[in-house]
Amino acid sequence: MNPVYYHILHVFALLVLTAQTFAALANPAPEGRRQTVILTGIASLLMLISGFGLLAKLYPGHFPGWAIVKLVCWLGFSALAGLAYRRPHLRGKLSLLGFAALLVALVMVYAQPF
Ligand code: HEM
């Protein structure tokens, strides 16, 4: 498959995941929990699949250091929506963690420092 489709899927899933995560952090009402868990779960999985699709297409045969850091950011960010419902009193700190994970992942992909 043309990597451009992986790019589109990766960024689209990132937007959905980010929107749903911060919506949950802003208002972790129990009524919305099921829908949020489903949507963030699907978006998170699509990000991972498209990320590895891009790696296979653009960097065949190796796994760069910046991709490992992105993987850690992805793991942390994907956990935030669930945590928002279980630890609502930590929402402020979880939001800051989310911003940090996004920033680090973006620096990794655009600067590719290692
Ligand atoms: C929170 C986590 C992540 C964020 C915010 C993120 C964000 C992005 C963005 C904005 C792009 C650039 C798209 C473009 O320029 O068209 C990108 C590309 C990419 N991402 Fe991610 N991503 C994340 C997680 C991952 C994961 C888990 C992987 C796989 C291990 C991955 C692998 C890649 C690859 C290989 C590219 C293409 C890099 C290139 O064009 O040279 N990303 N990502």
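**A helix contact and its surroundings**

Modeller: Start where α1 meets α3. From α1 come Gln20, Thr21, Ala24 and Leu25; from α3 come Phe77, Leu80, Ala81, Ala84 and Tyr85. (Contact: C-beta atoms, placed from the backbone, within 7 Å.) By class, this contact holds seven nonpolar residues, two polar and no charged ones. (Nonpolar: Ala, Val, Leu, Ile, Met, Phe, Trp, Tyr, Cys and Pro; charged: Asp, Glu, Lys and Arg; polar: the others, with Gly.) Gln20 and Thr21 are the polar pair, and both sit in α1.

One caution: this is a predicted model, with local features needing pLDDT of at least 70 and side-chain atom pairs pLDDT 80 or more, while totals for chains, interfaces and linings use all residues. Numbering starts from 1 along each chain as its sequence is written.

Now the geometry. α1 covers residues 3-26 and α3 covers residues 65-86; they pack at about 25 degrees, with axes 8 Å apart. (Axes: lines fitted to C-alpha atoms, for helices over the stretch in contact; angles: 0 to 180 degrees between N-to-C directions.) So α1 runs roughly parallel to α3. (Under 35 degrees is roughly parallel, over 145 roughly antiparallel, 65 to 115 roughly perpendicular, the rest oblique.)

Next, look at α2. α2 and α3 pack at about 175 degrees, their axes 9 Å apart. That makes the pair roughly antiparallel. α2 brings Arg33, Thr36, Val37, Thr40, Ser44, Met47, Leu48 and Leu55. They meet Ala67, Trp74, Ser78, Ala81, Gly82 and Tyr85 of α3. The classes here are eight nonpolar, five polar and one charged.

The angle is about 150 degrees, with axes 8 Å apart.

Finally, the whole protein. There are four helices and zero strands. (DSSP runs numbered from the N terminus: helices are H or I, at least four residues; strands are E, at least two.) Along the sequence the pattern reads α-α-α-α. The C-alpha trace spans about 45 × 25 × 15 Å along its principal axes.

Notes. Two residues are in contact if their C-beta atoms, placed from the backbone, lie within 7 Å.
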